[in-house]
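Let's take a walk through a protein model together. Have the sequence and the 3D view open as you read, and look up each residue when its name comes up.

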Amino acid sequence: MAVPLTTIFSWFEKGDTPTQDQFQQTFSSFRHLEEKIKIDEVAGLPEAFQKTLSAETFTDHLNDESAHNSVLAKLNASNLTPANIDQWKEKLKINLAATIDGAGETGNVYTKQQIGEIVNMFQAKDNEMLEAIETINELLASDDVNLDKIQEIVDYIKENRQQIELIKETLISGSSDDKIRLLGSYSNWGAVTYQNQFNDLVYGKIQRVEEEVASEKITYEQRVRGDSVIKHDLDTLSFVIDAYDIVTMFTVPLKVRRIDTKSIEVLFDSIPPNIIQLTIKKI
């Protein structure tokens, strides 16, 4: 039985001579390092253990995939609802992420292959349009100041539609000129008596216009991705320039600085997102 400390202290006061029994009781009142302390000898420890889980229960909880299922996400996210997924996206700032078609769902952006197909389609249409524009330019472009005589031909056609139909019949059937009757006055063209003479005059004038157009280059085309210096062969400072986006087909605003008669500099307000088609036409 342990002796209270106050009693032990009284045995070792100044002038005392402790006995063998007192020494034995003193050391017996303390626990030796080699002596193990029992659980039931620790105050409050047995009661504390009554409030803890068993090792088996704790292990079962760790291995339970459905533990806290209502508040924690599983590793494979299988217990997340669509609302939970939207909330995660919003929190992670990925709710506006781009997605492509796949797994039976429609994405919100095109794949590279789809974009390539669209660009190829626009490119084909663009080439068709450029060819049509080139044809029109070749028909319309001329430095002939008397080109208004073409209007005389147009006026003649409007006024003599029936005569034109007779010309067609003549060409098809090979009949003579006797059915053709000229209307109007063409004093500036000289004496015109028969339709064949009139046709020769018209053909000659149109041929001269075509020869003049073909003898001098009046347009130059080039594609750019941004500010550029364009080298052309129009040999002029007088021209008009058209610029448009080959994908959206919208006209693009730009600034033009003439460097010399065979080169210009084009400047854009901002870097174009797509290739820009430039067409320079001499005037």
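## A hidden aspartate and its partner

Aspartate 126 is buried, with a relative accessible area of 0%. Keep in mind as we go that this is a predicted model. What does the side chain of aspartate 126 meet in a salt bridge? The partner is arginine 223, with 2.0 Å from N to O. Arginine 223 is partly exposed, at 29% relative accessible area.

## The other salt bridges

How many salt bridges are there in total? The count comes to three. Another one joins arginine 31 to glutamate 35, at 3.3 Å from N to O. Arginine 31 counts as partly exposed at 43% relative accessibility, and glutamate 35 is also partly exposed, at 43%.

Then there's the bridge between glutamate 265 and arginine 257, where the closest N and O atoms are 3.0 Å apart. Arginine 257 has a relative accessibility of 45%, so it counts as partly exposed.

## The big picture

Time to zoom out. The chain has nine helices and six strands. Of its 283 residues, 20% count as buried. The chain exposes about 21800 Å², and carbon and sulfur atoms supply 56% of that area.

Take the contacts between residues at least 6 apart in sequence: 54% of them join residues at least 24 apart.

## Inside the largest nonpolar core

In soluble globular proteins, nonpolar side chains tend to be buried together. Here, the largest nonpolar core has 13 residues. Which of them touch the most other members? They are Ile230, Ile276, Leu278 and Ile280. Four strands each supply at least two residues of this core: strand 1 (219-224), strand 3 (239-245), strand 5 (263-268) and strand 6 (276-282).

Click on isoleucine 230 to see its neighbours. Leaving aside residues up to four places away in sequence, isoleucine 230 touches Tyr220, Gln222, Val224, Lys262, Ser263, Ile264, Val266, Leu278 and Ile280. Two of the names in that list, Leu278 and Ile280, also belong to the group that touches the most other core members.

Next stop: strand 4 (residues 254-260), where you'll find valine 256. Is valine 256 buried or partly exposed? At 29% relative accessibility, valine 256 counts as partly exposed.

Not counting residues up to four places away in sequence, valine 256 touches Phe239, Ile241, Ile264, Glu265 and Val266. Look at valine 266 in particular: valine 256 and valine 266 are ten residues apart in sequence, and their C-alpha atoms are 4.7 Å apart in space.

## Two rings at an angle

A pair of aromatic rings is described by the distance of the centres and the angle of the planes. The structure holds one aromatic pair. Phenylalanine 12 and phenylalanine 23 make it, edge-to-face, with 5.4 Å centre to centre and 80° between the planes. Phenylalanine 12 lies in the loop between helix 1 and helix 2 (20-28), while phenylalanine 23 is in helix 2, so the pair ties together parts that are eleven residues apart in sequence.

How accessible are the two partners? Phenylalanine 12 is partly exposed at 38% relative accessibility, and phenylalanine 23 is partly exposed at 38% too.

## A surface patch and a buried serine

Leu5, Phe9 and Phe30 make a nonpolar surface patch of about 340 Å². Leucine 5 is found in helix 1 (residues 5-11) and is partly exposed, with a relative accessible area of 46%.

Serine 29 sits in the loop between helix 2 and helix 3 (45-50). Serine 29 is buried, with a relative accessible area of 17%. What does serine 29 touch, not counting residues up to four places away in sequence? The contacts are Ala2, Val3 and Ile8.

Methods: Residues are numbered from 1 along each chain as its sequence is written. This is a predicted model: local features need pLDDT of at least 70, side-chain atom pairs count only at pLDDT 80 or more; totals for chains, interfaces and linings use all residues. Side-chain values use heavy atoms; hydrogens and water are left out. A nonpolar core is a set of buried Ala, Val, Leu, Ile, Met, Phe, Trp, Tyr and Cys residues joined through side-chain atoms within 4.5 Å. Buried means under 20% relative accessible area, exposed over 50%, partly exposed in between (1.4 Å probe, protein chains only). Contact means heavy atoms within 4.5 Å. Patches are made of residues with over 30% relative accessible area and no salt bridge: like charges are joined within 9 Å, nonpolar side chains (Val, Leu, Ile, Met, Phe, Trp, Tyr) within 5 Å. Accessible areas come from the Shrake-Rupley method with a 1.4 Å probe; for residues, only the protein chains shown count as cover. A salt bridge is a side-chain nitrogen of Lys or Arg within 4 Å of a carboxyl oxygen of Asp or Glu. Rings of Phe, Tyr and Trp (its six-membered ring) pair if their centres lie within 6.5 Å; planes under 30 degrees apart count as stacked, over 60 as edge-to-face and the rest as tilted.
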